[in-house]
Amino acid sequence: MNSHLHIPTDPGGDCLILTHGAGANCDTPLLIALADAFCASGMTVLRFDLPFRQLRPHGPPARGSAERDQQGIREAVATMRQQTSGRLFVGGHSYGGRQASILAAAEPGLIDRLLLLSYPLHPPRRPDELRTGHFPELKTPSLFVHGTRDGFGSTDELIAALRLIPARTELLEIAGAGHELMTKNNRQEVANVVVEAFRF
């Protein structure tokens with residue numbers, strides 16, 4: 001399994017598990033930058049490839065991958081619970097975040113907080129196909145990080161969707177960013193902005 005553990009020099013006890021979107025793996029520049037920034041803040045970070053990516057190095061998840069990918073996140077949570085003493089957070093970009101949020105909705109208390117990067121609210125240009133069916137069951141506090149030019153949902157659409165979630169939610173907008181979040185212009189600071197918004 002492709003995974004990377006970032007251990008801070010002065011661990012604070014909290015742990016963040018980070019995973020990727022449908023067309024990527026855990027070695028994307030965004031996840032590496034976030035892992036480095038969270039680690040520098042004192043958090044242990046695990047980046048790992050979801051099961052669908054372990055099975056095939058390229059291409060989107062095959063139909064039926066979701067439950068297996070959620071199980072992969074569940075196993076990563078169990079592993080890191082044994083290694084860290086503090087709170088356990090899960091973050092995911094797009095598809096990875098969606099699967100983490102579905103898992104958290106189904107198993108309240110499994111994850112202490114969610115970091116949802118570019119949540120794929122609906123497929124591009126198909127606003128009626130909302131991926132919010134589990135939102136009313138989501139009782140895990142969540143930070144949504146959203147690019148203002150994201151084709152998978154506008155800021156207004158996301159704000160409306162967050163009203164469905166009974167848990168505390170926060171929205172961090174990244175101006176000028178699309179679904180990838182990291183751009184040439186914000187490459188240096190975007191990870192630190194996310195860490196600052198997530199820390200509490």
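Start by selecting Gln 99: leaving aside residues up to four places away in sequence, Gln 99 touches Ala 66, Asp 69, Gln 70 and Ile 73 (contact means heavy atoms within 4.5 Å). Before we go on, know that this is a predicted model, where local features need pLDDT of at least 70, side-chain atom pairs count only at pLDDT 80 or more, and totals for chains, interfaces and linings use all residues. Residues are numbered from 1 along each chain as its sequence is written, and side-chain values use heavy atoms, with hydrogens and water left out.

Now widen the selection to helix H4, residues 95–106, where Gln 99 sits. (Helices, H or I with at least four residues, and strands, E with at least two, are DSSP runs numbered from the N terminus.) Is Gln 99 buried or exposed? It counts as buried because its relative accessibility is 2%; buried means under 20% relative accessible area, exposed over 50%, and partly exposed in between, with a 1.4 Å probe and protein chains only.

Next stop: strand E3, residues 44–48, where five of five residues are buried. Thr 44, Leu 46 and Phe 48 lie on one side, Val 45 and Arg 47 on the other, and both faces are covered.

Who are the neighbours? Select strand E1, residues 3–6, which pairs with E3 in the antiparallel sense over four bridges (two strands pair if DSSP finds at least two bridges between them). Here, His 4 stands opposite Arg 47. Then pick strand E2, residues 15–19: E2 and E3 pair in the parallel sense, also over four bridges, and Cys 15 has Thr 44 as its bridge partner.
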